[in-house]
Structures are given as structure tokens and as C-alpha cells.
Amino acid sequence: MQKRTVQRGRPAGTTTFEAEPALAFGKAVRAARVEQGIAQEELAALAGIERSHMGKIERGEHMPTLALILKIANALRISSAELMVATERNIGSGPDSCNE
């Protein structure tokens with residue numbers, strides 16, 4: 001029996017980024033922020049991140065880590081569970097639902 005070689009890393013052409021959840025999460029964050037009347041720059045400061053990074057999150061260009069999701073929820077004064085419920089509502093509700 002021949003020993004199989006294992007290549008490190010992801011296979012060529014794969015990615016861990018999925019646009020739909022990222023867009024849905026960004027839409028949920030933006031909706032909560034606007035509902036509370038918080039400026040994007042203020043929310044970023046409260047969450048301890050750069051405003052440009054917050055913009056990428058809200059536009060669905062970046063999917064934050066769990067730690068950052070918890071910081072964002074805390075900055076919005078809502079539970080991460082509430083933020084995830086809003087995200088789940090945004091998923092699959094149509095192709096244009098996350099691009100408003």
C-alpha cells in the first residue's frame with residue numbers, strides 16, 4: 001500500500017467566504033444601527049474597529065469572526081442571538097433582499 005501525501009491548506013480555487021450570509025449579516029447590522037440612530041463611525045468606535053471595516057461588514061464584503069460579531073452586538077446593545085435571528089430572516093428572502 002502506497003502512502004498518500006497530504007497537501008496543506010485549502011484546495012486551489014476554494015474560498016471560505018460566502019456572499020449570502022455576509023450580505024444578510026451586514027443588512028441586519030445596518031438595520032439595527034439605523035433604527036437606533038447610531039452613525040457608522042460611532043458604531044465602529046463602540047465595537048473597537050475601524051470605520052472602513054464596519055463599512056465592509058455592512059456592505060457584505062467581509063464576514064466577521066465570532067468575537068467581532070459579539071462586539072458588534074454589544075455595541076448595538078442587543079444580543080448576538082437577536083442579531084443572528086435578523087441575519088437568518090435576511091437569508092433566502094430573495095436575491096435583492098440583501099442589496100438594499
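Residues are taken as buried when their relative accessible area is under 20%, as exposed when it is over 50% and as partly exposed in between, with a 1.4 Å probe and protein chains only. On this basis, buried residues account for 33% of the 100 residues in the protein chain. The structure is a predicted model, in which local features need pLDDT of at least 70 and side-chain atom pairs count only at pLDDT 80 or more, whereas totals for chains, interfaces and linings use all residues. Numbering starts from 1 along each chain as its sequence is written, and side-chain values use heavy atoms, with hydrogens and water left out.

The secondary structure of the protein chain consists of 5 helices and 0 strands, where helices (H or I, at least four residues) and strands (E, at least two) are DSSP runs numbered from the N terminus. Read from the N terminus on, the order of elements is α-α-α-α-α. With contact defined as heavy atoms within 4.5 Å, 65% of the contacts between residues at least 6 apart in sequence join residues at least 24 apart.

Two helix pairs that share H3 were examined, with axes being lines fitted to C-alpha atoms, for helices over the stretch in contact, and angles running from 0 to 180 degrees between N-to-C directions. Helix H2 (residues 40–47) packs on helix H3 (residues 51–58) at an angle of about 105 degrees, and the axes of the two helices are 8 Å apart. H2 and H3 are therefore roughly perpendicular to each other, since angles of 65 to 115 degrees count as roughly perpendicular, those under 35 as roughly parallel, those over 145 as roughly antiparallel and the rest as oblique. On the H2 side the contact is formed by Gln40, Glu41, Leu43, Ala44 and Ala47, which meet Arg51, Met54, Gly55 and Glu58 in H3. This contact of H2 with H3 has 4 nonpolar, 2 polar and 3 charged residues, where Ala, Val, Leu, Ile, Met, Phe, Trp, Tyr, Cys and Pro count as nonpolar, Asp, Glu, Lys and Arg as charged, and the others, Gly among them, as polar.

For H1 and H3, the packing angle is about 115 degrees and the axes are 7 Å apart. Here Ala22, Phe25, Gly26, Lys27, Val29, Arg30 and Arg33 in H1 meet Met54, Ile57 and Glu58 in H3, and the contact comprises 5 nonpolar, 1 polar and 4 charged residues.

Glu58, a residue of helix H3, counts as buried because its relative accessibility is 3%. When its neighbours within four places in sequence are left aside, Glu58 is in contact with Gly26, Lys27, Val29, Arg30, Arg33, Gln40 and Leu43. One of these partners, Arg33, has its place in helix H1 and likewise counts as buried, at 11% relative accessibility. With the corresponding neighbours within four places left aside, the contacts of Arg33 are Ile38, Ala39, Gln40, Leu43, Glu58 and Leu76.

Ala31, also found in helix H1, is partly exposed, with a relative accessible area of 45%; Ala31 and Glu58 are 27 residues apart in sequence and 9.4 Å apart in space, C-alpha to C-alpha. Lys56, in helix H3, is partly exposed as well, at a relative accessible area of 40%.

Arg77 lies in the loop between helix H4 (66–75) and H5. Arg77 has a positive phi of about 60 degrees although it is not a glycine, and with a relative accessible area of 63% it is exposed.

The largest pocket has a volume of about 210 Å³. A pocket is an open set of points, on a 1 Å grid over the protein atoms alone, where a 1.4 Å probe fits, with protein on both sides within 12 Å along at least five of seven lines, and lining residues have an atom within 4 Å of a point; grid points are joined across faces, edges and corners, and the volume is the space filled by probe spheres set on the points. The lining is made up of Lys27, Ala28, Ala31, Ala32, Glu35, Gln36, Ile78, Glu82, Ala86, Arg89 and Asn90. Helix H1 (19–36) and helix H5 (80–90) each supply at least two residues of this lining, with H1 giving the most, 6 residues. By class, the lining has 5 nonpolar, 2 polar and 4 charged residues.
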